[in-house]
Amino acid sequence: MSDYGLTRDRVETYFDRTATQTWERLTSHEKVSRIRETVRKGRDRMRALMLSRLPDDLRGARVLDAGCGTGAMAAELAQRGAQVVGVDISPQLIDIARRRLHPAQAGQVDFRAGDMSDPALGRFDFVMAMDSLIYYRDADIGRVLGNLSQRTAEGIVFTVAPRTPFLMAFWTLGKVFPRSDRSPTMVPHDAARLARHCPGSLTKVGRITSGFYISEALEHRP
């Protein structure tokens with residue numbers, strides 16, 4: 001199995017067997033610890049930043065929410081009028097997303113469990129991939145973007161863990177511990193280096209830092 005496939009399977013196992021309840025609580029309105037509250041706020045700010053790259057009126061557009069998790073991005077895309085396919089490797093998170101979706105949006109959002117790069121998902125006007133590529137190496141991200149760009153008319157907005165001193169130290173330290181004792185490891189990336197693995201153009205959108213949440217948004221166009 002490829003590095004991509006191995007990492008994808010680890011992510012599925014983590015979210016389906018280890019972190020489902022934690023993730024469900026983090027993405028809800030329930031009270032969480034101060035550290036997790038900074039992560040929640042950071043994710044909210046990142047989602048808003050990514051959405052700012054798309055038109056306010058998405059009526060008639062088909063959008064892929066790649067790695068949709070519990071469905072927050074998909075719901076906001078539907079509010080703008082888009083037809084949304086929300087896909088996530090974790091069936092448990094897809095179940096949560098379906099339960100949370102407002103009944104009025106049921107005809108606009110199609111949640112599916114599976115691989116974000118599956119060609120069977122069809123063609124799209126835009127792709128959003130928030131924190132769903134953060135566990136992959138640059139060559140694997142390039143392959144996923146190349147696959148998606150062949151079926152995307154406008155562009156792909158996605159996030160990576162930026163190559164900062166803090167994240168590099170965290171990444172190096174994390175490799176000391178047995179994999180069975182920890183979550184999948186984020187792989188820090190430098191945008192310029194990542195661009196060498198990506199067909200088309202890659203543009204920096206912005207970085208969000210909120211406590212332990214550090215993420216950088218990039219935009220890929222064919």
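This is a predicted model: local features need pLDDT of at least 70, side-chain atom pairs count only at pLDDT 80 or more; totals for chains, interfaces and linings use all residues.

Q: How many aromatic pairs does the structure hold?
A: It holds 3 aromatic pairs. In one of them, Phe15 and Trp23 have ring centres 5.4 Å apart and planes at 70°, so this pair is edge-to-face.

Q: What cut-off makes that edge-to-face?
A: Planes over 60 degrees apart count as edge-to-face. Phe15 and Trp23 sit at 70°.

Q: Which residues form a cluster with Phe15?
A: Tyr14 and Trp23 do; together with Phe15 they form one aromatic cluster.

Q: Switching to helices. How do helix 3 and helix 4 pack?
A: Helix 3 covers residues 34-51 and helix 4 covers residues 72-79. Their axes are 11 Å apart, at an angle of about 40°. That angle makes helix 3 oblique to helix 4.

Q: Which residues make the contact?
A: From helix 3, Arg47, Met50 and Leu51. From helix 4, Ala72, Met73, Glu76 and Leu77.

Q: And by class, what does the contact of helix 3 with helix 4 have?
A: It has 5 nonpolar residues, 2 charged and no polar ones.

Q: Left-handed or right-handed crossing?
A: Right-handed, where helix 3 passes helix 4.

Q: What about Val32, where is its place?
A: Val32 is in the loop between helix 2 (20-26) and helix 3.

Q: Buried or exposed?
A: Buried. Val32 has a relative accessible area of 16%, and buried means under 20%.

Q: What is Val32 in contact with, leaving aside neighbours within four places in sequence?
A: Arg25, Leu26, Glu37 and Arg40.

Q: How far apart are Val32 and Phe158?
A: In sequence, Val32 and Phe158 are 126 residues apart. In space they are 26 Å apart, C-alpha to C-alpha.

Q: Last topic, backbone. What is phi of Asp131 near?
A: Phi of Asp131 is near 60°, a positive value in a residue other than glycine.

Q: Where is the place of Asp131?
A: Asp131 is in the loop between strand 4 (124-129) and helix 6 (138-149).

Q: Is Asp131 buried or exposed?
A: Asp131 counts as buried, because its relative accessibility is 13%.

Terms used:
Residues are numbered from 1 along each chain as its sequence is written. Side-chain values use heavy atoms; hydrogens and water are left out. Helices (H or I, at least four residues) and strands (E, at least two) are DSSP runs, numbered from the N terminus. Buried means under 20% relative accessible area, exposed over 50%, partly exposed in between (1.4 Å probe, protein chains only). Rings of Phe, Tyr and Trp (its six-membered ring) pair if their centres lie within 6.5 Å; planes under 30 degrees apart count as stacked, over 60 as edge-to-face and the rest as tilted. Axes are lines fitted to C-alpha atoms, for helices over the stretch in contact, and angles run from 0 to 180 degrees between N-to-C directions. Angles under 35 degrees count as roughly parallel, over 145 as roughly antiparallel, 65 to 115 as roughly perpendicular and the rest as oblique. A crossing is left-handed if the near helix is turned anticlockwise from the far one by less than a right angle, and right-handed if clockwise. Contact means heavy atoms within 4.5 Å. Ala, Val, Leu, Ile, Met, Phe, Trp, Tyr, Cys and Pro count as nonpolar, Asp, Glu, Lys and Arg as charged, and the others, Gly among them, as polar.
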